[in-house]
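Today I opened a new model and kept a running notebook as I went. Here are my entries, in the order I looked things up.

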Amino acid sequence: MFRRDTPAEAEFRMEVRTWLEANLPAALRGRTTRPPPSELMPWYHTLSRKGWIAPHWPRQYGGMGATLNEQIVMTEELARVGAPHLPVQGLNHIGPILMEFASDAQKAQHLPPIVEGSVIWCQGYSEPGAGSDLASLSTRATLEGDHFVIKGHKIWTTWAHHSDWMFALVRTDPQAQPRHAGISFLLIDMHSPGITVRPIKTIAGDDEFSEVFFDDVIVPAGNLIGKLHDGWRIANALLGHERLGTSNPQFALMALERIRTMARASGIMADPAFQDRLAAAAINVTVLTALFSHAVELTNSAQSPGPESSIIKIFASELLQALGELAVEAAGGHAPADGPIATDFGEVDVATAFLQARRVTIYGGSSEIQRNVVARRVLNLPN
Ligand SMILES: Cc1cc2nc3c(=O)[nH]c(=O)nc-3n(C[C@H](O)[C@H](O)[C@H](O)COP(=O)(O)OP(=O)(O)OC[C@H]3O[C@@H](n4cnc5c(N)ncnc54)[C@H](O)[C@@H]3O)c2cc1C
């Protein structure tokens, strides 16, 4: 969008476009909520067999080892065809963390199933009493010989009710000061006895996340990533990957397409004032693609994303909400329709996308928290 493909990239783009057109089932296109695993995982497996499930992963771990521009091409082509949201906790969150911090045995155990799509991961960070103030988390892991005993409660855990594994932050030293010095990073088998998962419905009507209760759950000591009590450093590295991954412009590109379709159908496209707002939105989507590309480039050279992941998270999430609002404007009186609106140019789901976008300024750390990070770590402002 903000650069021209080289001849090799143009060829790659055509290959991706043709393959996606031929292989992505029609029922999975243009979905505004993440489809359930029974619908989504066959598509995950198809991408995996093609070798395209993990464009950003090195080949040694089963990834595609794609160049930055190839990753952008994939993003743009996935958006063009309206590809659904994949479960990204394995691919974008824990995968890169295992590559950086895990032992060889842990990598060998956990990385191949992520690429194959034979396991689904969830993230156990937030608790009823610990969200923005994550260091106050209280889920306790007590080391007893060769295993930990876990007692506590996580909440807002995306896809916990579909997951096989959780990467979790647990308190291993309740006396530690500062508090984050007593936290460890553990991998928990979600099929262990003593785990209860209770799904929660979101404002958009999907059961995207859950509460998870741990009642004396036994976890082998070998599931610790890094050193005991050193989980905070790993937790933050993972949040950088999460903020960057969730800022992928695919969803903004798809939202822009929804607005265009809706505006043509409703006739508001002829209004010059609307055209101005649409042009501004399209420019911001291009800016996001450029920002994303730059942030991925910085991450590739430093391994973990720095504070730029907070800047891009603010921009991407607030842009997605603005696009949702512009779609509502484009739909006019049809906007509150429950479900997709039928138009001469195809179906457009305005309301669900609008409601879905409420969450993006909250997960991965709210916009307020990202602004605090930027204030402290980029601008060096006083606390
Ligand atoms: C769709 C969705 C999926 C999620 N998935 C997961 C998941 O898979 N795993 C997981 O662990 N968590 C997940 N979360 C939880 C998410 O990380 C938390 O909701 C988020 O960190 C905010 O915490 P909280 O909800 O406790 O809000 P609080 O921390 O109570 O914040 C409430 C409000 O106060 C503001 N605020 C708080 N502290 C400050 C401050 N110091 N300065 C300025 N403003 C402040 C916040 O910005 C927010 O507006 C998910 C959330 C959503 C919405």
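**Ground rules.** For contacts I count two residues as touching if their C-beta atoms, placed from the backbone, lie within 7 Å. My numbering starts from 1 along each chain as its sequence is written. This is a predicted model, and I kept to its limits: local features need pLDDT of at least 70, side-chain atom pairs count only at pLDDT 80 or more, and totals for chains, interfaces and linings use all residues.

**Phe 274.** I started with Phe 274, which sits in helix α8 (residues 272–302). Helices (H or I, at least four residues) and strands (E, at least two) are DSSP runs, numbered from the N terminus. Setting aside neighbours within four places in sequence, I found Phe 274 in contact with Ala 263, Ile 268 and Met 269. I also looked up Leu 326: Phe 274 and Leu 326 are 52 residues apart in sequence, and their C-alpha atoms are 8.9 Å apart in space. For burial, I call a residue buried if 20 or more other C-beta atoms lie within 10 Å of its own, exposed if 12 or fewer, and partly exposed in between, with C-beta atoms placed from the backbone. Phe 274 has 18 C-beta neighbours inside 10 Å, so I logged Phe 274 as partly exposed.

**Val 212.** Next came Val 212, in strand β7 (residues 209–220). Is Val 212 buried or exposed? I counted 27 C-beta neighbours inside 10 Å, so Val 212 is buried. Beyond the neighbours within four places in sequence, Val 212 is in contact with Gly 124, Lys 154, Thr 157, Ala 160, Ile 195 and Val 197. Gly 124 is 88 residues from Val 212 along the chain, yet their C-alpha atoms are separated by 8.4 Å.

I noted a cis peptide bond between Gln 177 and Pro 178, with omega at about -5 degrees. Pro 178 belongs to the loop between β4 (165–171) and β5 (183–189). Trp 156 is not a glycine, but its phi is positive, near 60 degrees. Trp 156 lies in strand β3, and with 22 C-beta neighbours inside 10 Å it counts as buried. Asn 380, also a non-glycine, has a positive phi of about 55 degrees. I found Asn 380 in the segment after α11, and it counts as exposed because it has 7 C-beta neighbours inside 10 Å.

**Two helices.** I checked helix lengths against an expected span of 1.5 Å times one less than the number of residues. What does α11 give? Its 12 residues should span 16 Å, and its end C-alpha atoms are 15 Å apart, which agrees. Helix α9 (residues 308–331) has 24 residues and reaches 34 Å from first C-alpha to last, close to the 34 Å expected. After α9 comes Gly 332, with a positive phi near 55 degrees.

**The ligand.** Which residues come nearest to the ligand? Of the 20 residues around the ligand, they are Tyr 125, Gly 131, Ser 132, Thr 158 and Ser 366. A residue is near a molecule if its C-beta atom, placed from the backbone, lies within 6 Å of it. The elements that give two or more residues to this shell are β1 (121–124), β3 (147–158) and α11 (367–378). Domain 2 (121–231) and domain 3 (246–378) each supply at least three residues of the shell.

**Domains.** The bounds come from an automatic or database domain assignment, which gives domain 1 (7–86), domain 2 (121–231) and domain 3 (246–378). The C-alpha centres of domain 1 and domain 3 lie 20 Å apart. Their contact takes 10 residues from domain 1 and 14 residues from domain 3. On the side of domain 1 that touches domain 3, I noted 4 nonpolar, 5 polar and 1 charged residues.

**The whole chain.** Last, I zoomed out: the protein chain has 11 helices and 10 strands. Its radius of gyration is 21 Å, close to the 21 Å that the globule rule gives for 383 residues, so the chain is as compact as a globular protein of that length. That radius is taken over C-alpha atoms, and the rule is 2.2 Å times the number of residues to the power 0.38. Of the 383 residues, 41% count as buried.

Technical notes
Nonpolar A, V, L, I, M, F, W, Y, C, P; charged D, E, K, R; others polar.
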